[in-house]
Amino acid sequence: MRMARRIENLPPYLFIEINKKIAEKKARGETVISFAIGDPDMPTPPHIIDRLCQAAQDPVNHRYPEDDGLAELRQAVAGWYKKRFDVSLDADKEVLLLIGAKDGIAHIPLCLIDPGDITLVPDPHYPVYPVSTMLAGGECYYMPLTEENDFLPDLDVIPDHVLKKARILWINYPNNPTGAVADIDFFNRVVKFAQQHDLAVCHDGPYTEIAFDGYQPVSFMQADGAKEVGVEFHSLSKSYNMTGWRIGMAVGNTAMINALKVLKTNLDSGIPQAIQYAAAEAFTGPQDCIQKHNAIYQRRRDLLVEILNSIGVEAKPPKAGLYVWAKVPQGYTSVEFASDLLEKVGVVVTPGVDYGKNGEGYVRLSLTIPDAGLVKGLSRLAEWRNTKSQLRLKKTT
Ligand SMILES: Cc1ncc(COP(=O)(O)O)c(C=O)c1O
């Protein structure tokens, strides 16, 4: 059967390929330690699960969810933004509940992009940004994120002919995959730039709560005029270890929120209500779990960065987010280095090039690996250095 061109042209989702490779290794009886996927390994905190179980017992929540999502959750989102970022949101007009941030990211171009329009996409990037634009019939212009520019896009070098056709500007801080952070001055500049060029800003911010050494990431919504030009996608996935429950939100510009709501009410029937109650509990209940998880990630980050540097893989400790963005040693491409680690010591990392052309020269390692796996992973990385020196020894003898 012939599938539509939009599907035939779609690359397989990044982690599907990685998971296939891991499965092949496991089928050969080999153990694999994976630093690939950013999926929190720690469980959802118990008070959130208790609320979920309680809500699951109530037959009202066995029926279709309310069209606009529960007011209790939308108000909890607004309350959290006020408390955490001092940002005021109208829970009816400026908050939209999502089936995870990915839901909103995948659908927003259908609200803004006509065939031939351009989306400005950072490179490297979370893979859904370009794909969702392609599905909407648009084209992407890639903005390089490099170490020299602190992994922030240089907006001033985007050509005029691109800007004339550009409709969306994607940004994402704390950044996946580079681990970079942005300050409020950068977000203020983005707002001005969007106003000048009539762009809709989509800020993807699901990692604002994962931060280290006392650093507190800012929200794009804190920038002056942010609500006039854009929305922020956020999620409970990483903050509260809730990737499996699929719940997130978009907040900000009323027109963008409304367009996404119109689209989504035609496509899906909302988020199971018991999960919405659990999410409301996450935002309004005790927040100490976040600090507890961050302390664990920080310890893992430090161990990982230390071992990487000791084997000649240059890495800086990120201030926030779940990833270490490490430089591939000389003589390898990112794919070659990732393959070498997998083949020689059964360690999975993600090649930077999988996140875009400018990811070449790097690999991404996630901190969401349970401690037992981490210890094994670290000693295998150390072993990799020995396989290298054995190789050199063989060549010289
Ligand atoms: C940058 C970025 N945006 C969005 C998402 C999707 O998050 P969610 O689980 O809320 O759909 C991820 C998940 O890894 C991500 O890394």
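Modeller: Start with contact: it means heavy atoms within 4.5 Å. By that rule, and leaving aside neighbours within four places in sequence, isoleucine 168 is in contact with Pro109, Leu112, Ile113, Ile118, Thr119, Leu120, Leu199, Ala200 and Cys202. Keep in mind that this is a predicted model.

Colleague: Where is isoleucine 168 found? And why does isoleucine 168 count as buried?

Modeller: Isoleucine 168 is found in strand β5. Buried means under 20% relative accessible area. Isoleucine 168 has 0% relative accessibility, so it counts as buried.

Colleague: How far apart are isoleucine 168 and alanine 200, in sequence and in space?

Modeller: They are 32 residues apart in sequence. In space, C-alpha to C-alpha, the distance is 4.8 Å.

Colleague: Let us step back to the whole protein. What makes its radius of gyration agree with a compact globule?

Modeller: Set the two values side by side. A compact globule of 397 residues would have a radius of gyration near 21 Å. The protein has 22 Å, which agrees. Along its principal axes, the C-alpha trace spans about 70 × 55 × 55 Å.

Colleague: How many helices and strands does the protein have? And what share of its residues is buried?

Modeller: There are 14 helices and 12 strands. Buried residues make up 54% of the 397. Take also the contacts with a separation of 6 or more: residues 24 or more positions apart account for 74% of them.

Colleague: Now a charged residue. Why is lysine 264 called buried?

Modeller: The cut-off is under 20%. Lysine 264 has a relative accessible area of 6%, so it is buried. Lysine 264 is found in helix α10, residues 254-267. Not counting residues up to four places away in sequence, lysine 264 touches Leu96, Leu97, Leu98, Ile99 and Asp103.

Colleague: What about arginine 300: buried or exposed?

Modeller: Arginine 300 counts as buried, because its relative accessibility is 2%. Arginine 300 sits in helix α12, residues 288-310. Beyond its neighbours within four places in sequence, arginine 300 has contacts that include Asp41, Leu367 and Asp371.

Colleague: And how do you know that aspartate 340 counts as buried?

Modeller: The relative accessibility of aspartate 340 is 15%, so it counts as buried. Aspartate 340 belongs to helix α13, residues 334-345. Leaving aside neighbours within four places in sequence, aspartate 340 is in contact with Tyr332, Val345 and Trp384.

Colleague: What makes the pairing of aspartate 340 with tryptophan 384 a polar contact?

Modeller: The rule asks for N or O atoms within 3.5 Å, one able to donate a hydrogen and the other to accept it. The side chains of aspartate 340 and tryptophan 384 make such a contact at 2.8 Å.

Colleague: Which residues of helix α6 are buried, and what covers them?

Modeller: In α6, residues 128-135, the buried ones are Val128, Tyr129, Pro130, Ser132 and Thr133. Their cover includes α5, β3, β4, β5 and β6. Just after α6, glycine 137 takes a positive phi of about 85 degrees.

Colleague: Which residues have a positive phi without being glycine?

Modeller: Aspartate 198 is one of them, with phi near 55 degrees. Asparagine 241 also has a positive phi, about 55 degrees. Aspartate 198 lies in the loop between α8 and β6, and asparagine 241 in the loop between β7 and β8.

Colleague: Why is aspartate 198 called exposed, and why is asparagine 241 called buried?

Modeller: Exposed means over 50%. Aspartate 198 has a relative accessible area of 58%, so it is exposed. Asparagine 241 has 6%, so it is buried.

Colleague: Last topic: peptide bonds. Which bonds are cis?

Modeller: One joins tyrosine 173 and proline 174, with omega about -10 degrees. Another runs from asparagine 176 to proline 177, with omega near 15 degrees. Proline 174 is in the loop between β5 and α8, and proline 177 has its place in the loop between β5 and α8 too.

Definitions and conventions. Residues are numbered from 1 along each chain as its sequence is written. This is a predicted model: local features need pLDDT of at least 70, side-chain atom pairs count only at pLDDT 80 or more; totals for chains, interfaces and linings use all residues. Side-chain values use heavy atoms; hydrogens and water are left out. Helices (H or I, at least four residues) and strands (E, at least two) are DSSP runs, numbered from the N terminus. The radius of gyration is taken over C-alpha atoms; the globule rule is 2.2 Å times the number of residues to the power 0.38. Buried means under 20% relative accessible area, exposed over 50%, partly exposed in between (1.4 Å probe, protein chains only).
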